[in-house]
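Could you walk me through this model in my viewer, stop by stop? I would like to know what to select next and what I will find there.

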Amino acid sequence: MTSLVIAEHDNASIKGATLNTITAALKCGGDVHVLVAGSNAGVAAAAAAQIAGVAKVLHADADGFAHGLAENVAAQVVAVAASYSHILFPATASGKNVAPRVAAKLDVGQISDITKVDSADTFERPIYAGNAIATVQSLDATKVLTVRTTGFDPAAATGGSAAVEVLTAVGASAQSTFMGSEIAKNDRPELTAAKIIVSGGRALGSSEKFMDVMTPLADKLGAALGASRAAVDAGYAPNDWQVGQTGKIVAPQLYIAAGISGAIQHLAGMKDSKIIVAINKDPEAPIFSVADYGLEADLFVAVPELVAAL
Amino acid sequence: MKVLVSVKRVVDYNVKVRVKSDGSGVDIANVKMSMNPFDEIAIEEAVRLKEKGVVTEVIAVSCGVTQCQETLRTAMAIGADRAILVETAVELQPLAVAKLLKALIDKEQPGLIILGKQAIDDDCNQTGQMLAALADLPQGTFASKVEIVDGKANITREVDGGSETVSLTLPAVITTDLRLNEPRYVTLPNIMKAKKKPLETFTPEALGVDVSPRIKTLKVVEPPKRSAGIKVPDVATLVAKLKTEAKVI
């Protein structure tokens with residue numbers, strides 16, 4: 001029994017979500033191998049070999065993997081799948097894109113967003129926006145899983161010394177071409193990896209006010225910025241800041257929600273945070289029912305005061 | 001060019017489901033059912049492509065129980081031209097639905113297939129990608145913009161940290177993200193018109209698809225409750241608590 005973890009990486013380094021996925025793979029029992037499919041990704045493959053608990057790294061290098069196109073990455077995974085009992089992806093945008101393609105090619109069901117490994121074939125996962133937790137058993141020989149990173153501690157990035165095996169890369173698909181990307185560059189931590197997140201809601205009123213009020217707090221705390229769906233729908237914050245059922249699932253040490261009422265879809269994305277602080281004018285806001293510390297106040301007064309007090 | 005859109009009947013977005021006391025699942029008897037919100041976006045996108053003259057026919061498909069007919073009538077009220085129900089009482093998992101849709105692609109030969117990125121009941125986020133794999137088609141998942149240019153689909157996709165654009169040969173599979181469009185309200189005249197549009201029914205057996213589940217649900221429980229903490233009177237108390245009690249800053 002051996003598990004294969006599909007690494008999330010940018011060809012130069014391994015992304016944090018990979019480390020949590022390796023922990024989940026170790027809980028499935030047996031050895032853990034990591035696949036790095038990239039373009040000039042030797043450095044990333046070498047970094048994967050350093051991760052504690054990894055027995056072997058498979059490195060496939062080709063232009064077609066440069067941007068992680070699902071068609072190409074899935075084909076590479078399928079090419080080596082026969083050797084593995086479990087194939088695990090982090091439940092990130094790229095993991096979710098590729099994993100079902102692999103499962104269908106192998107004619108097996110996929111279990112999405114696992115939060116716990118009960119045994120080699122039985123897993124727990126949230127359904128209905130986290131309002132219920134299902135324990136499910138795979139009846140297939142190969143288990144294809146995506147791993148909710150907040151459910152597992154990260155494996156140590158160093159301490160391992162796995163061998164790197166170079167694979168023959170599969171050919172690139174002619175059906176799909178990468179045209180370009182717009183990735184916001186900033187010095188803040190990634191939302192899903194941040195220790196502190198400050199999140200704003202519709203009460204901010206405009207994108208200018210969102211930035212004016214929330215950015216100083218994030219700067220002061222070295223925090224990532226998040227937003228409720230209402231704030232994103234209103235155009236106050238970029239799409240990829242959305243925390244919730246259909247956005248990012250986060251579990252930082254500290255989550256500060258300002259002007260967020262707390263719809264169940266939002267709570268689904270942040271209720272596993274260690275400490276939740278809610279700042280809201282409305283004493284009846286549902287967010288207070290999950291907050292460790294609630295402050296009933298106008299955020300336009302309270303947030304700047306908080307910045308000054310820190 | 002035809003476009004095929006799949007729609008799922010799910011517990012309405014605003015309903016807070018309750019777990020059954022015997023742990024066998026969630027109680028969906030007598031709760032409001034609606035079209036999965038991401039599928040509404042999928043139908044809307046298909047209808048807009050037809051209004052732009054890019055596609056000629058919009059076919060809505062649903063797989064499941066008899067009542068999925070209502071979901072299909074809604075899809076036709078938004079603007080789908082006709083509908084197909086694959087009727088079964090078996091609990092359908094994403095792989096099974098992908099296989100049913102693959103069988104319908106073989107029959108209908110659409111140039112585009114649009115699906116919601118995930119259903120808000122099982123939160124799987126699998127069917128579109130599985131369908132693309134089974135049909136050997138390219139995929140543009142989590143789409144926030146769809147453009148059909150020179151026989152290709154240029155899809156802007158929401159990814160971690162921003163967006164990216166891929167160009168796909170047709171036919172292609174697209175799954176919708178939240179902000180691809182804002183679905184129109186259905187009007188009464190369109191609801192009346194939808195009642196007269198054709199709705200065809202197949203069974204999985206007739207399509208030659210084995211839909212038996214691959215994943216067994218052993219139990220369903222409530223998540224651990226997070227209890228409310230305390231209200232603090234002012235910012236100074238909050239900062240003090242975060243520093244000395246919670247020790248997170």
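Start inside, with the largest nonpolar core of this predicted model. That core has 188 residues, and those with the most contacts inside it are A48(A), V5(B), A60(B) and A75(B). As background, nonpolar side chains in soluble globular proteins tend to be buried together.

Now pick V5(B) and show its surroundings. Leaving out residues up to four places away in sequence, V5(B) touches A42(B), I43(B), A46(B), V58(B), A60(B), V61(B), A75(B), A80(B) and I114(B). Two of the core residues named above, A60(B) and A75(B), are on that list.

If you like to check confidence before going further, colour by pLDDT. Chain B has a mean pLDDT of 97, and 100% of its residues reach 70 or more. The model as a whole scores ipTM 0.95 and pTM 0.95.

**Chain A as a whole**

Select chain A and look at its fold: eight helices and 16 strands. Its radius of gyration is 21 Å, close to the 19 Å that the globule rule gives for 310 residues, so chain A is as compact as a globular protein of that length. The C-alpha trace of chain A spans about 60 × 40 × 40 Å along its principal axes. Of its 310 residues, 59% are buried. Among contacts in chain A with a separation of 6 or more, 66% are between residues 24 or more positions apart.

Next, select residues 110-114 of chain A, which are strand β5. Five of the five residues in this strand are buried, so β5(A) is largely enclosed by the rest of the structure.

Show both chains and find the open sheet of four strands, in the order β6(A)-β7(A)-β8(A)-β14(B), with antiparallel pairing. At its edges stand β6 (116-119) of chain A and β14 (215-221) of chain B; each has a single partner strand, so one side of each is left without a neighbour in the sheet. On average, neighbouring strands here are turned by 30° against each other, direction ignored. Three bridges join β6(A) to the antiparallel β7(A), residues 122-127. Look there for V117(A), which stands opposite F123(A).

The other sheet to display is an open one of ten strands with mixed pairing: β11(A)-β11(B)-β10(B)-β9(B)-β12(B)-β8(B)-β1(B)-β6(B)-β7(B)-β13(B). Its edge strands, each pairing on one side only, are β11 (176-183) of chain A and β13 (199-202) of chain B. Neighbouring strands in this sheet are turned by 25° against each other on average, direction ignored. Within it, five bridges join β8 (112-116) to β12 (172-176) of chain B, and these two strands run parallel. L112(B) has A172(B) as its bridge partner in β12(B).

Then bring up helix α2 of chain B, residues 68-78, which lies across β1, β6, β7 and β13 of chain B and runs at about 165° to β6(B).

**Where the chains meet**

Select the contacts between the chains: 64 residues of chain B are in contact with 72 residues of chain A. Which strand gives the most to the side of chain B that touches chain A? It is β11(B), with eight residues.

**Backbone details worth a click**

Most residues other than glycine have a negative phi, and most peptide bonds are trans. With that in mind, go to N11(A), whose phi is near 75°. N11(A) sits in the loop between β1 and α1 of chain A, and it counts as partly exposed, with 18 C-beta neighbours inside 10 Å. F142(B) also has a positive phi, about 55°, but it lies in strand β9 of chain B. Is F142(B) buried or partly exposed? With 27 C-beta neighbours inside 10 Å, F142(B) counts as buried.

Step along to the peptide bond from L170(B) to P171(B), which is cis, with omega near -5°. P171(B) is in the loop between β11 and β12 of chain B.

Finish at G262(A), in the loop between β14 (254-258) and α7 (264-270) of chain A. G262(A) is buried, with 23 other C-beta atoms within 10 Å. Beyond its neighbours within four places in sequence, its contacts are L267(A), A285(A), P286(A), I287(A) and V290(A).

How values were computed:
Residues are numbered from 1 along each chain as its sequence is written. Chains are lettered from A and ligands numbered from 1 in the order in which they are written. This is a predicted model: local features need pLDDT of at least 70, side-chain atom pairs count only at pLDDT 80 or more; totals for chains, interfaces and linings use all residues. A nonpolar core is a set of buried Ala, Val, Leu, Ile, Met, Phe, Trp, Tyr and Cys residues joined through C-beta atoms within 7 Å. A residue is buried if 20 or more other C-beta atoms lie within 10 Å of its own, exposed if 12 or fewer, and partly exposed in between; C-beta atoms are placed from the backbone. Two residues are in contact if their C-beta atoms, placed from the backbone, lie within 7 Å. pLDDT is the predictor's confidence in each residue, from 0 to 100. Two strands pair if DSSP finds at least two bridges between them. Axes are lines fitted to C-alpha atoms, for helices over the stretch in contact, and angles run from 0 to 180 degrees between N-to-C directions. The radius of gyration is taken over C-alpha atoms; the globule rule is 2.2 Å times the number of residues to the power 0.38.
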